[in-house]
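Please look over the sequence and the model below before reading on.

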Amino acid sequence: MSTQERKIGFFEKYLTIWVALGILGGIVIGHFAGDSIEVISKFEIAKVNIPVAILIWLMIYPMMLQVDFSSIKKIGKRPKGIVLTLIVNWLIKPFTMAFFAWLFFSQLYQAWIDPEMAGEYIAGAIILGAAPCTAMVFVWSYLTNGDPSYTLVQVSINDLIILVAFVPIVGLLLGITNVSIPYDTLIASVLIFVVVPLVAGVLTQKILLNNKGEDWFKNVFLPRLKPVSIAALLVTLVLLFAFQGQNIVNNPFIILLVAVPLVIQTYFIFFITWFAGKKMKLPHPVCSPAAMIGASNFFELAVAVAISLFGLQSPAALVTVVGVLVEVPVMLSLVTLANKWKY
């Protein structure tokens with residue numbers, strides 16, 4: 001199948017529309033429900049909102065089912081693409097996201113956002129920037145004719161690194177921006193939203209592969225779970241914007257303000273990775289997914305951590321959700337560029 005014939009799945013293709021509808025529905029619910037919706041925010045254990053935790057777990061678990069750690073043994077055969085991915089995702093991207101967030105929210109947006117609120121917007125952007133993509137990158141890789149096996153290796157390694165690097169990087173950058181860091185909540189978030197679904201995914205994968213076979217697992221089981229993940233994402237967005245509804249009605253301009261630095265960061269990271277990959281003489285099927293992984297985000301994890309640290313009604317949570325809203329159209333534009341620049 002040629003690159004031109006490759007099509008994005010129905011849910012992924014219209015994800016921006018679903019997200020926009022979820023946002024609109026949440027704002028309407030929040031506006032009319034008023035304080036009565038606050039009861040949902042009180043279902044917490046160790047500052048983790050239980051309804052939202054369940055929904056986010058339903059988002060992340062299907063992704064973790066696709067991780068194949070046995071593929072990591074192939075690193076030695078073609079290491080340059082992995083090296084590029086790791087440098088961009090963990091040594092460049094979190095810091096450039098923090099810089100763009102500081103520049104816009106603390107400096108350029110002073111007329112619209114007060115310093116205290118700016119700190120939380122910056123925190124949300126930092127959390128988003130420290131979580132490289134793990135699931136949607138398979139879609140972007142497919143659409144740019146990327147090497148699926150190599151993409152799987154890149155994603156699997158990133159999932160392992162998230163376990164040890166996410167907390168220190170987020171803690172460091174939040175500390176630099178003078179945001180209070182409850183490390184116990186941050187660590188608990190990674191355990192709940194990464195470790196638990198990762199272990200569950202690996203065990204489920206092993207059991208089903210042994211009992212049903214690889215063909216059934218990939219072509220029957222995983223496609224059945226995809227709508228569950230999307231549905232959980234949309235319900236989460238409805239809840240988030242139900243809590244944010246009144247703030248957004250009072251200041252609808254805030255969505256645009258938040259989107260600008262996120263979009264700039266996405267293009268910036270893509271171009272850095274793309275041209276570095278070409279300079280390293282990476283083949284297009286390796287360079288393209290590497291650029292896509294760097295540019296996109298593990299927004300499910302970011303949403304979960306932002307809610308855990310700052311709450312459902314926080315500016316930090318709003319930033320991560322706007323990240324979901326802008327990601328699909330921006331990434332589709334980068335898919336077009338990657339195909340146009342194929343070498």
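**A walk through the predicted model**

Among contacts in the protein (heavy atoms within 4.5 Å) between residues at least 6 apart in sequence, 85% join residues at least 24 apart. This is a predicted model, in which local features need pLDDT of at least 70 and side-chain atom pairs count only at pLDDT 80 or more, while totals for chains, interfaces and linings use all residues. Residues are numbered from 1 along each chain as its sequence is written, and side-chain values use heavy atoms, with hydrogens and water left out.

The secondary structure comes to 14 helices and two strands, where helices (H or I, at least four residues) and strands (E, at least two) are DSSP runs numbered from the N terminus. Of the 343 residues, 54% count as buried; here buried means under 20% relative accessible area, exposed means over 50%, and partly exposed lies in between, with a 1.4 Å probe and protein chains only. The protein exposes about 14700 Å², and carbon and sulfur atoms supply 68% of that area, which comes from the Shrake-Rupley method with a 1.4 Å probe, only the protein chains shown counting as cover for residues.

A helix to begin with is α12 (284-295). Because 11 of its 12 residues are buried, α12 is largely enclosed by the rest of the structure. The buried residues of α12 include His 284, Cys 287, Pro 289, Met 292 and Ala 295, and what covers the buried residues of this helix includes α5 (79-108), α7, α8, α11 and α14. The length of α12 also agrees with expectation: at 1.5 Å a residue its 12 residues should span 16 Å, and its end C-alpha atoms are 16 Å apart. The expected span of a helix is 1.5 Å times one less than its number of residues.

Helix α4 (residues 50-64) can be checked in the same way, since its 15 residues should span 21 Å at 1.5 Å a residue and its end C-alpha atoms are 20 Å apart, which agrees. Among the buried residues of α4 are Val 52, Leu 55, Ile 56, Tyr 61 and Met 64.

Grid points are joined across faces, edges and corners, and a volume is the space filled by probe spheres set on the points. About 50 Å³ of space lies in the largest cavity. Its lining includes Leu 128, Leu 262, Ala 295, Asn 297 and Glu 327. Helices α11 (253-279) and α14 (315-340) each supply at least two lining residues, and α14 gives the most, with five. The lining divides into six nonpolar residues, three polar and one charged, where Ala, Val, Leu, Ile, Met, Phe, Trp, Tyr, Cys and Pro count as nonpolar, Asp, Glu, Lys and Arg as charged, and the others, Gly among them, as polar.

Tyr 109 is found in the loop between α5 and α6 (115-129) and is buried, with a relative accessible area of 6%. Not counting residues up to four places away in sequence, Tyr 109 touches Phe 104, Leu 257, Val 260 and Pro 261; the C-alpha atoms of Tyr 109 and Val 258, 149 residues apart along the chain, are separated by 9.9 Å. Ala 242, placed in helix α10 (residues 214-250), counts as buried at 6% relative accessibility. Ala 242 and Gly 22 are 220 residues apart in sequence and 9.7 Å apart in space, C-alpha to C-alpha.

Asn 145, in the loop between α7 (137-143) and α8 (148-176), has a phi near 60 degrees, a positive value in a residue other than glycine, and Asn 145 counts as partly exposed at 25% relative accessibility. Lys 281, in the loop between α11 and α12, has a positive phi near 65 degrees, and Lys 281 is exposed, with a relative accessible area of 71%.

Key:
1 Å grid on protein atoms, 1.4 Å probe; cavity = no way out; pocket = protein on both sides within 12 Å on 5 of 7 lines; lining within 4 Å.
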